[in-house]
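Open the model in your viewer and keep the selection panel at hand. This tour goes from the whole chain down to one residue.

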Amino acid sequence: MKRKTLSWLMAAVLGVGTLTGSIAGADIVFAQEENEESEATGSESDEEAVAEEADSDSSAMKVGAMKGPTAMGMAQLLDDGNYEFSIVASPDEIVPMIVQGQVDVAAVPSNLASVLYQKTDKNISVLAVNTLGILYLVENGDSISSVEDLKGKTIYASGKGATPEYALNSVLEANGVDPEKDVTIEYKSEHAEVVAALAEDQTAVGLLPQPFVTTALMKNENLRVALDLNQLWESSATDGSRLVTGVVVARNDYLKEHEADVDAFMDAYKDSVEFVNSDPDAAAQIIGDHDIIPAEVAAKAIPECSIVFMEGDEMETILSGYLNTLNVQNPETIGGQLPDEDFYYKRS
């Protein structure tokens, strides 16, 4: 089979975690094209791929994750010899690793999983939901106790055209607040800019993700969490959906040959999530040792990061409802259309 060189045109709008690389909810639009010089360079590329494969443990499952809650949930597996981890900072790093088969399993933003499914001829299955809503509205003081209180406020946020925008708009509309008329939403390129804007405008509100919220609160004692977008989403949802920001996926060509190994990984991952949530201090030490985020921040952030492990019918219900909401607002955020039933992996 002729090897093709992939050229990825990525417009990456980071949904959450620019500072720490926690990118649950990022929206990526990319196109695949053949390089006209593929035949000339194919042999060289094949040799490089073989060399890279020889340097790694072929018996270990190759797992990709991003710095932030998704990788944090895998803390108990990071030193397990059955798995070879690649921890990266952003989705534009992990996309080619998945498509080119450099990783077998990966933790990615939920909408990116759907995009990958569409762009790889359905070679992706979602194994489980691993992170729920990690977006929070923070303020100086205590003037906000309900969505209604947001009327007339300026909301600073990052993630224009990405999941945070659609999630915020959906929650506002479900609670009778018009995003265009009742509030002023100003989008920044980075979360650090949101925090800076809040320091200058004491009456404004900021939309931030975990663990960045924890970092901001540790640096500014005047900030507090006013509203949890995850809770607001669930209180207004009528389809059983939840605000799903992260999932774990597998390449189908790997899954078909290693189903038992994938099932064992899922069991181990579930145990790891339980460990992380039950003993944040111990988990934080591991997370810090692997340079995912600082241990001090991790210990405080874990209880607020909505790290979960949901599979099977429960996973399909909450994820399909969430993807449908994104599809209504902008189909391109999920790859152009909703994924088929075979997108949702269920153990036999």
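**The whole chain**

Start with the surface. The chain exposes about 15000 Å², and carbon and sulfur atoms supply 43% of it. Accessible areas here come from the Shrake-Rupley method with a 1.4 Å probe; for residues, only the protein chains shown count as cover.

This is a predicted model: local features need pLDDT of at least 70, side-chain atom pairs count only at pLDDT 80 or more, and totals for chains, interfaces and linings use all residues. Residues are numbered from 1 along each chain as its sequence is written, and side-chain values use heavy atoms, with hydrogens and water left out.

Now switch to cartoon view. The chain has 13 helices and 13 strands. Both are DSSP runs numbered from the N terminus: helices are H or I with at least four residues, strands E with at least two. Of the 348 residues, 54% count as buried. Buried means under 20% relative accessible area, exposed over 50%, and partly exposed in between (1.4 Å probe, protein chains only).

Contact means heavy atoms within 4.5 Å. Among contacts in the chain with a separation of 6 or more, 76% are between residues 24 or more positions apart.

**The sheet**

Select β4, β3, β5, β12, β6 and β13. In that order, these six strands form an open sheet with mixed pairing. Two strands pair if DSSP finds at least two bridges between them. Which strands stand at the edges? They are β4 (83-88) and β13 (307-310); each has a single partner strand, so one side of each is left without a neighbour in the sheet. From one strand to the next, the twist averages 25°.

**Strand β3**

Select residues 61-66, which are strand β3. Six of its six residues are buried, so β3 is largely enclosed by the rest of the structure. Show the side chains. Met61, Val63 and Ala65 point one way, while Lys62, Gly64 and Met66 point the other way.

β3 pairs with β4 in the parallel sense over six bridges. In β4, Tyr83 is the bridge partner of Met61. β3 also pairs with β5 (residues 105-109) in the parallel sense, over two bridges. There, Val63 has Val105 as its bridge partner, and Gly64 has Ala106.

**Helices on the sheet**

Select residues 91-99. This is helix α3, which packs on the sheet and touches β3, β4, β5, β6 (124-132) and β12 (244-251). The direction of α3 makes about 145° with that of β5. Next, select residues 312-329. This helix, α13, lies across β6, β12 and β13 and runs at about 85° to β6. Axes are lines fitted to C-alpha atoms, for helices over the stretch in contact; angles run from 0 to 180 degrees between N-to-C directions.

**A helix pair**

Select α10 (residues 259-278) and α11 (residues 280-289). They pack at an angle of about 110°, with axes 5 Å apart. Phe275, Val276, Asn277 and Ser278 of α10 make the contact with Pro280, Ala282, Ala283 and Ile286 of α11.

**Last stop: Met72**

Zoom in on Met72, in helix α2 (residues 69-72). Is Met72 buried or exposed? Met72 is buried, with a relative accessible area of 0%. Not counting residues up to four places away in sequence, Met72 touches Val276, Ile287, Ile292, Ile293, Ala298, Ile302, Cys305 and Ile307. Finish with Ile287: Met72 and Ile287 are 215 residues apart in sequence, yet 6.2 Å apart in space, C-alpha to C-alpha.
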